[in-house]
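Biologist: I have the chain open here. Can we go through what there is to say about it?

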Amino acid sequence: MTHVLLIAGTAPTHSMLKAAVAQLRAAGATVRLAGLFDREAVDGVLDAADVRPLTEAAAERGNAFVKRVAKLPPPRRAWAIAERDPWVRRQARRAQVLVALDAPGVYPVWRLAQDNRRADAVYGVAPALRALQARGERPVHYALRDAVRAVPSPAATLRSTRRGVRHGAGAVLRRATSPAVMRTSIGAKAWRTAVVAPRVPDAARAKLARRVSVSMTKGGRKAGATMVLDQAADRIANRKLSAALLADAVRADLARGHDDPKVRAKAVGAALHLADQRLKKKDFKAAADHLSTAFALAFDRGLHFDGVSSPMAKDPDGYLAVFRESAAFKALSAPRGRALPAAPAPAGRPLRLLIAYPNSRFLRAIRDRYENHPDVEIRCLDVNEDETLRPLVRNTKRITEHALGGQPEFRAQVEEALRPHLDWADTVFVDWCTNAAALFTAVDPGTARVVVRLHSFEAFSYWPHLVDFTRVDDLVLVSDHLRELTEKVLPQLRGPGTATTHVVANAMDLAPFQRDKSGDDPRFVLGLVGVNSVAKDPRWALEVLRLLRAKDERYRLVIIGEGFDPKASAAARAYHSLLERDLAELEAAGAVRRVGQTDDVPSALTEIGVVLSSSVRESFHCGLVEGTVSGALPVVRDWPFFAALEHGPRTLFPADWVVSTPEEAAERILAHTGSEEIRRAVAEPAAKHALALWDWSAVGLDFDRLLLGDRD
């Protein structure tokens with residue numbers, strides 16, 4: 001049954017109305033009538049329940065309302081009453097055909113049709129009959145059309161938004177902004193329009209934008225979820241509220257594994273502007289909060305760690321330019337210096353060496369060496385395990401606030417916690433340029449010499465920017481390409497009165513990896529050591545494998561090590577999904593085998609004849625070197641994060657080890673695995689080269705010169 005609502009702007013002629021109702025009913029419609037007339041004018045045509053005289057509706061709202069609408073022309077008067085009358089609005093939402101019986105009824109019908117876009121809105125009985133006929137002839141077409149038009153028009157949405165803002169119609173707004181509505185293109189467009197409507201108060205606009213953004217995310221319109229927050233922020237005069245919306249927009253964007261550089265730059269700039277304003281007023285806490293927001297957005301792991309590219313790696317100066325223009329950021333790196341220079345190495349007693357760290361992953365060989373050194377007295381300090389230091393190193397905002405000039409209580413706590421260690425030590429070696437390094441440079445080190453080692457992870461984080469390098473005597477990096485990048489990220493390192501940089505390779509005991517190869521034919525076995533992050537880019541290695549197997553299906557890949565956590569970010573989840581799809585295909589063909597985490601990597605490497613470095617970013621790549629020393633043919637990707645620098649894999653390793661593409665990698669492998677003798681003829685000199693340069697027997701001497709000074 002088709003529902004028809006008739007709207008009359010004046011009292012209709014009794015005979016005309018009776019004929020119209022009869023025709024519409026004959027066409028299979030139920031008929032309702034509303035208009036500016038008295039009930040007596042339509043007696044006998046329709047049942048009382050099917051008629052709503054707008055004169056009665058106006059009277060129910062009181063004399064003041066009646067007097068106010070009486071001044072309006074008939075079309076506007078009819079609409080002013082109809083839009084407030086629940087009966088009319090209910091019947092209008094239900095109707096498939098809205099009919100204006102006269103000219104004054106056209107305007108109310110048009111307005112009602114904006115809320116009910118499924119309905120045909122017509123003027124006159126004849127067009128109404130044609131609409132009914134068309135619906136009867138094409139029921140599927142109209143059912144689909146009605147489904148698509150199930151949400152109000154943008155104009156109607158704007159009006160309902162303003163009403164919701166004025167009257168707090170929360171339940172109505174929740175239903176109207178539901179994920180189901182956002183799944184439709186019309187609904188999403190309507191609410192994007194509503195969010196940027198004029199004359200909406202800032203707080204209400206922000207609240208609405210967040211509600212719409214969440215619903216769009218749930219409705220599968222994740223790009224729209226970012227867009228609506230960005231557009232709302234542009235319409236908000238309150239800078240703090242606008243910055244908060246922009247930050248939400250970037251978080252929403254990153255949460256879907258995407259990065260919009262323009263929106264991100266706006267959000268970071270807005271947060272830094274607020275930080276500068278609050279710093280100017282010496283509101284250090286608020287300045288630290290805004291600066292922390294800027295850091296969180298600019299150094300999100302999805303941007304630099306869980307993808308195969310990084311916007312900062314491409315252009316460090318350009319990426320950090322907005323920070324370097326910020327007064328708050330400049331205050332972080334303002335040199336505080338030290339009262340006294342570091343004392344020379346002591347004579348007549350062992351050197352007191354304090355090793356401080358938040359992660360001991362790369363320290364085992366170093367600790368073993370100096371725990372057994374006759375000229376060294378060693379202490380180790382895990383800042384995450386020490387009960388006094390743990391709450392200090394984990395409070396990033398307090399560290400930031402202190403660096404800006406605030407938090408005297410925090411400085412006193414750090415001083416109390418670290419002074420006994422600093423007074424005892426001749427040399428403090430801080431591994432990882434993260435929270436421990438920031439803490440140790442938050443106070444004057446006295447005469448203790450401070451040495452900090454920076455791994456590649458930190459260069460893509462905010463931590464080095466919280467370290468006062470005028471209180472660091474020596475900064476250690478594991479490769480020249482990492483030093484080159486770090487000096488671009490931290491230009492203060494190139495100035496006077498700051499840390500001296502050194503390149504010292506990672507501490508590796510490589511002797512256990514010198515073992516004979518096992519298996520039938522190791523030349524066809526490729527090895528990938530360590531796949532615990534997206535930066536290892538194992539899909540690149542799989543592409544190399546596919547190219548090789550197109551020539552010879554005996555080639556296969558062994559993956560050694562635990563996989564990465566796909567829950568780390570949306571970017572990691574996306575990469576993991578693609579990787580698992582690739583692996584499922586190749587494992588089914590017997591081309592890939594995953595060994596998983598093992599404590600005996602040297603044994604696992606005995607079957608490997610070719611070792612790959614497929615990473616996009618490495619500071620050194622210990623796994624590759626270990627594989628090379630095991631007698632595997634090294635094949636190193638020209639790590640994209642560093643390929644444009646003066647230094648990189650081609651200067652760290654012999655140039656013939658390095659390739660630019662999977663095709664070049666496959667060519668190198670094919671050229672040197674024609675027989676086991678050919679493979680060994682290339683792999684054995686590579687193993688000797690790696691052992692001579694990077695075994696702990698050689699690198700340990702570099703650490704002695706660095707940490708012990710002039711001692712033998």
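Modeller: One term before we start: a residue counts as buried when its relative accessible area is under 20%. Also keep in mind that this is a predicted model.

Biologist: Fine. Is Thr673 buried or exposed, then?

Modeller: Thr673 has a relative accessible area of 2%, so it counts as buried.

Biologist: Where does Thr673 lie?

Modeller: In the loop between α34 (662-672) and α35 (676-694).

Biologist: And what does the side chain of Thr673 make a polar contact with?

Modeller: With the side chain of Tyr555, at 2.7 Å.

Biologist: Which residues is Thr673 in contact with, leaving aside neighbours within four places in sequence?

Modeller: Tyr555 again, along with Arg523, Val610, Leu633 and Arg679.

Biologist: Let's change topic. How many helices and strands are in the chain?

Modeller: The chain has 36 helices and 17 strands.

Biologist: In what order do the strands of the open sheet come?

Modeller: The order is β3-β2-β1-β4-β5, five strands with parallel pairing.

Biologist: Which strands stand at the edges?

Modeller: β3 (51-53) and β5 (120-123) do. Each has a single partner strand, so one side of each has no neighbour in the sheet. From one strand to the next, the twist averages 20 degrees.

Biologist: Over how many bridges do β1 and β2 pair?

Modeller: Over 7 bridges, in the parallel sense, with β1 covering residues 2-8 and β2 residues 29-35. Within that pair, Thr2 stands opposite Ala29 in β2.

Biologist: Which strands does helix α1 lie across?

Modeller: Helix α1 (residues 14-26) lies across β1 and β2, and runs at about 150 degrees to β2. Helix α5 (residues 86-94) lies across β1, β2, β3 and β4 (97-100). Its angle to β2 is about 145 degrees.

Biologist: Now the whole chain. What radius of gyration does the chain have?

Modeller: The chain has 36 Å, whereas a compact globule of 712 residues would have a value near 27 Å. Along the principal axes, the C-alpha atoms fill a box of roughly 120 × 65 × 40 Å.

Biologist: What share of the residues count as buried?

Modeller: 53% of the 712 residues. The chain exposes about 30,900 Å², with carbon and sulfur atoms supplying 51% of that.

Biologist: Last one. Of the contacts between residues at least 6 apart in sequence, what share join residues at least 24 apart?

Modeller: The share is 71%.

Methods
Residues are numbered from 1 along each chain as its sequence is written. This is a predicted model: local features need pLDDT of at least 70, side-chain atom pairs count only at pLDDT 80 or more; totals for chains, interfaces and linings use all residues. Side-chain values use heavy atoms; hydrogens and water are left out. Two strands pair if DSSP finds at least two bridges between them. Helices (H or I, at least four residues) and strands (E, at least two) are DSSP runs, numbered from the N terminus. Axes are lines fitted to C-alpha atoms, for helices over the stretch in contact, and angles run from 0 to 180 degrees between N-to-C directions. Contact means heavy atoms within 4.5 Å. The radius of gyration is taken over C-alpha atoms; the globule rule is 2.2 Å times the number of residues to the power 0.38. Buried means under 20% relative accessible area, exposed over 50%, partly exposed in between (1.4 Å probe, protein chains only). Accessible areas come from the Shrake-Rupley method with a 1.4 Å probe; for residues, only the protein chains shown count as cover. A polar contact is a pair of N or O atoms within 3.5 Å; within protein, one must be able to donate a hydrogen and the other to accept it, and residues adjacent in sequence count only if both atoms are side-chain atoms.
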